[in-house]
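Thanks for coming. I have one structure to go through today, and I will keep to what can be read from the atoms. Here it is on the screen.

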Amino acid sequence: MPDSLADRARDAVASRAELPGMTLLEHLEELRRRIMWSAVSLVPAFLVVWHFHEQVFEFMQRPIIHVLHKNDPTAKLVVTSPTDAFNLYLKISLVGGLFLASPFILYQAWLFISPGLYRKEKGYVVPFMVATVSLFLSGGYFGYRIVFPYAMDFLISFGSQFQQMITVGEYTNLLMTVILGLGLIFEEPIIIFFLALMGMVSPGFLWRNVRYAILISFIIAAVITPTPDIMSMCIIAAPMIVLYGLSIGVAALAYPSQRKSTEENQP
């Protein structure tokens, strides 16, 4: 049994030495190909969302409109230049297209990493796709449905003595930061799964460092949250800590199979 994280990493690299190798240029070419196909997939997804951009914006502005109408039933988001509305629809169509094309983009990520996996590990493609897409969409929905409404309610209620004039650009940037940030954060168990599969982390290592994981979760939450209050930060940090706990269980499932593969490939 390896005694340290460095030993585990060296053993993992050695155990995969028998896999078909790729040069640095081949890796870069493969990365370029996957990025290109991901970008191409965004084009039809963007056009689909653009066709429904008014309905999409109606859906996106519901959290803020609901909060604004508590104080003023006629309140609306405002624009400060003639180009704001057009730029807004471009942004929401791009982000909406990203969510719409996320299954294909995540599959390209799988195709990029799969050459470094054993044949048995390549059979994880279906669970990988289901888990990554589900977690990404769940993170975005959690941000839209839970985090952002609470944050907007806090901010607007805090300044209720003033005339609220919120621009569509500021609102959209905040919303996109929250939903995209949480969508990526919710991929934590998938990242841990592959690190454990390759022997770079173990359940024991994750458990011993849980206090640091909690600290990092609150630091990330403080960066992502659009409000300075403690409650908003806790709302974001809580699922991150839960996901870390889930990641320990995921690592426990992946790490033994990696160790068995290592033993089978040792001469």
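First, the ground rules. This is a predicted model, in which local features need pLDDT of at least 70 and side-chain atom pairs count only at pLDDT 80 or more, while totals for chains, interfaces and linings use all residues. Residues are numbered from 1 along each chain as its sequence is written, and side-chain values use heavy atoms, with hydrogens and water left out.

On confidence: pLDDT is the predictor's confidence in each residue, from 0 to 100. The mean for the protein chain is 79, and 81% of the residues reach 70 or more. Over residues 12–19 the pLDDT is below 50, and in the model this stretch has 17 contacts beyond near neighbours in sequence. A contact here means heavy atoms within 4.5 Å.

Now the fold. The protein chain has 12 helices and 0 strands. Taking contacts between residues at least 6 apart in sequence, 84% join residues at least 24 apart.

How much of the chain is buried? Of its 267 residues, 41% count as buried. Buried means under 20% relative accessible area, exposed means over 50%, and partly exposed is in between, with a 1.4 Å probe and protein chains only. The chain exposes about 15,100 Å², and carbon and sulfur atoms supply 70% of that. The areas come from the Shrake-Rupley method with a 1.4 Å probe, and for residues only the protein chains shown count as cover.

The largest nonpolar core has 58 residues, and I64, Y171 and L182 touch the most other members. Helix 12, residues 230–265, gives the largest share of this core, 12 residues. A nonpolar core is a set of buried Ala, Val, Leu, Ile, Met, Phe, Trp, Tyr and Cys residues joined through side-chain atoms within 4.5 Å. Not counting residues up to four places away in sequence, I64 touches L77, M152, I156, I166 and Y171.

M176 has a relative accessible area of 10%, so it is buried. Leaving aside neighbours within four places in sequence, M176 is in contact with K91, I92, V95 and G181. G143 is 33 residues away from M176 along the chain, and their C-alpha atoms are separated by 9.3 Å.

On to the charged residues. The structure holds 4 salt bridges, each one a side-chain nitrogen of Lys or Arg within 4 Å of a carboxyl oxygen of Asp or Glu. Which residues are linked in a network of them? The network takes in E29, E30, R32, R33 and R34.

E29 pairs with R32 at 2.7 Å, N to O, and both lie in helix 2, 3 residues apart, about one turn of the helix. E29 also forms a salt bridge with R33, where the closest N and O atoms are 3.8 Å apart. R33 and E29 are separated by about one helical turn because they are 4 residues apart in helix 2. R33 also meets E30, at 2.4 Å, N to O.

At 11% relative accessibility, E30 counts as buried. E29 is partly exposed at 31%, and R32 is partly exposed at 45%. R34, also in helix 2, has a relative accessible area of 17% and is therefore buried. R34 touches Q108, L111 and F112, not counting residues up to four places away in sequence.

Last, the surface. L25, L28, L31, I35, F112 and I113 make a nonpolar surface patch of about 530 Å². Helix 2 (24–51) and helix 6 (102–113) are the elements that give two or more residues to the patch, and helix 2 gives the largest share, 4 residues. Patches are made of residues with over 30% relative accessible area and no salt bridge; like charges are joined within 9 Å, and nonpolar side chains (Val, Leu, Ile, Met, Phe, Trp, Tyr) within 5 Å. One of the patch residues is I35, which lies in helix 2 and is exposed, with a relative accessible area of 52%.
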